[in-house]
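Dear colleague,

Please find below the structure for your attention. My notes on it follow directly after.

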Amino acid sequence: MSEQAPNEARVIPLRPPAARPPVARPSATRPGTTRPASERPATALPATAPPRAAPKEPLWRDLVGDVLRRERLAQERTLKDVADAARISMPYLSEVERGRKEASSEVLAAAAHALGLGLGDLLSLAQGELIRVTSRRVPGGSRGRTGSSYDGLCLAA
């Protein structure tokens with residue numbers, strides 16, 4: 001049988017013992033009394049915090065969804081109106097706009113046409129958004145761009 005007290009949970013460490021911060025144990029004093037601060041176990045996190053990861057680039061579905069929503073709101077149209085015109089369900093269009101669903105090219109084309117845009121227009125606006133968002137995060141603006149002035153969009157299947 002186990003050596004732990006009946007009301008204590010069994011803890012399985014996820015880190016090696018050397019990397020774990022000290023764990024506070026219940027005191028052996030009478031209930032209602034407290035130990036002086038000098039006798040309390042240390043529960044603070046280690047002095048050094050882990051390094052922060054570099055910011056992630058946005059997902060394509062988030063960018064396209066943002067563009068669809070921005071265009072719909074700029075035209076002062078409802079989600080229902082655009083979904084009906086595109087012949088897609090309103091909940092699905094909402095999920096696409098929020099970046100929760102990875103829409104097919106047919107769905108994106110239908111939503112774009114319902115907003116008076118071509119698929120190329122939608123993708124071009126999303127590309128511009130991608131450039132705007134990523135240039136803010138990368139020092140110096142562009143990522144190792146050579147002298148080329150090509151600013152086109154390339155999608156691979």
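Which residues are buried in helix H3 (residues 90–97)? This is a predicted model, in which local features need pLDDT of at least 70 and side-chain atom pairs count only at pLDDT 80 or more, while totals for chains, interfaces and linings use all residues. Residues are numbered from 1 along each chain as its sequence is written, and side-chain values use heavy atoms, with hydrogens and water left out.

In H3, the buried residues are Leu93, Ser94, Val96 and Glu97 (buried means under 20% relative accessible area, with a 1.4 Å probe and protein chains only; helices are DSSP runs of H or I with at least four residues, numbered from the N terminus). Because they cover an arc of only 160 degrees around the axis, they lie on the same side of H3 (the arc is that of the directions from the helix axis to the C-beta atoms). They pack against helices H1 (60–74), H2 (79–86) and H4 (105–114).

After H3 comes Gly99, which has a positive phi near 75 degrees.

Glu129 belongs to helix H5 (residues 119–137) and is buried, at a relative accessible area of 10%. Leaving aside residues up to four places away in sequence, Glu129 touches Leu63 and Arg70 (contact means heavy atoms within 4.5 Å).

As to confidence, the chain has a mean pLDDT of 77, and 52% of its residues reach 70 or more (pLDDT is the predictor's confidence in each residue, from 0 to 100). Over residues 141–150 pLDDT stays under 50. Where pLDDT is low, the predicted coordinates should not be read in detail.

Yours sincerely

Terms used: Buried < 20%, exposed > 50% of the residue type's maximum accessible area, 1.4 Å probe, protein only. Helix = DSSP H or I, 4+ residues; strand = E, 2+ residues; numbered from the N terminus.
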